[in-house]
Amino acid sequence: MHYRFMMYYKFLKKSFKKYDNILIADVRDVFFQKDPFVYENYGPLNLFAEELTLEECSINSHIFELSSSAKELKKYSKENILCAGTTIGTTKGIMDYLKKMTLKLNIKDILFDQGYHNYLFYAGKLPGAKKFHNLKGPVLTLAEMGSKNLKYNNKRQVINLDGSVVNILHQYDRDLGLLYRSNKFGYFLLSLSRSLKIKIRRGIKISLFRLPLLGRYFRKKYYDPTRFK
């Protein structure tokens, strides 16, 4: 999940001179409404917030604490979670960010990437970095948004509070309406089936971890989904 940051850095060390700006993004759940680099208020590095705060998400608070300390978590617990799935910046801004990310990451620590992504920003270790909130910037992270909070222009594009078109919709497939309108019907059905499979697998995994004997074995060896809400 986060070995990708090491791959980004290794690739860009050899080819960074080819680029003025860089977008690091997930693939399956990212939808472009306009050129991601056309936005007048960008800084050298730009991070994008989710709806929930660190204290409101047990997984993110856990990995933030792993990335820093209980004291740091308490200090920043009311700050919004910053999503590691979309990051935009100048070549220098992204390279500096990736260098710091890869110094800390251990590929054996599942989910560690977003915890450290948040820690670096809130602890002031990314000079010049900017944070954008949902509906107030070029990226909208939809996981916790809810359809009722989305607004559209007359072209059925999702817009910000100021009426500007959002450049990137991240996690757009969490909204069934957007998923349906943005894809052919076959892919819409495929995405629904994938989502159902993930839920079933997670349910089975949680059940196994809760078994008296097998659960003890799994908790020693694997990531434990039962410890989080």
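Let me begin with a term: by contact I mean heavy atoms within 4.5 Å. Helices (H or I, at least four residues) and strands (E, at least two) are DSSP runs, numbered from the N terminus. What you see is a predicted model, in which local features need pLDDT of at least 70 and side-chain atom pairs count only at pLDDT 80 or more, while totals for chains, interfaces and linings use all residues. Residues are numbered from 1 along each chain as its sequence is written, and side-chain values use heavy atoms, with hydrogens and water left out.

First, the overall picture. The protein has eight helices and nine strands, and its C-alpha atoms fill a box of roughly 55 × 40 × 35 Å along the principal axes. The radius of gyration, taken over C-alpha atoms, is compared with a globule rule of 2.2 Å times the number of residues to the power 0.38; for 229 residues a compact globule would come near 17 Å, and the 19 Å of the protein agrees with that. Of those 229 residues, 43% are buried, where buried means under 20% relative accessible area, exposed over 50%, and partly exposed in between, with a 1.4 Å probe and protein chains only. Among contacts between residues at least 6 apart in sequence, 72% join residues at least 24 apart.

Now the interior. A nonpolar core here is a set of buried Ala, Val, Leu, Ile, Met, Phe, Trp, Tyr and Cys residues joined through side-chain atoms within 4.5 Å. The largest one has 29 residues, and those touching the most other members are L45, L47, I94, Y97, L98, F121 and L126. Several elements supply at least two residues each, among them helix 1 (3-15), strand 3 (45-53) and helix 4 (91-104), but helix 5 gives the most, with six. A second, separate core has twelve residues, including V158, V166, L178 and F188.

Which residues of helix 7 are buried? They are F188, S191, I206 and F209, and these pack against helix 6 (176-182) and helix 8 (212-221).

Turning to the strands, two of them count as paired if DSSP finds at least two bridges between them. Strand 1 and strand 4 run antiparallel and are joined by five bridges, with I22 having G89 of strand 4 as its bridge partner. I22 also belongs, with I24, to the covered face of strand 1, whereas N21, L23 and A25 form the uncovered one. Elsewhere, an open sheet of three strands has the order 2-9-6 with mixed pairing, and its edge strands, strand 2 (30-32) and strand 6, each pair on one side only. Strand 2 pairs with strand 9 (residues 168-170) in the antiparallel sense over three bridges, and V30 has H170 as its partner in strand 9.

Finally, two backbone details. L135, in the loop between strand 5 (129-132) and strand 6 (139-141), has a positive phi of about 65° although it is not a glycine, and L135 is buried at 11% relative accessible area. R156, in the loop between strand 7 (151-152) and strand 8 (158-159), likewise has a positive phi, near 65°, in a residue other than glycine, but R156 is partly exposed, at 48% relative accessibility.
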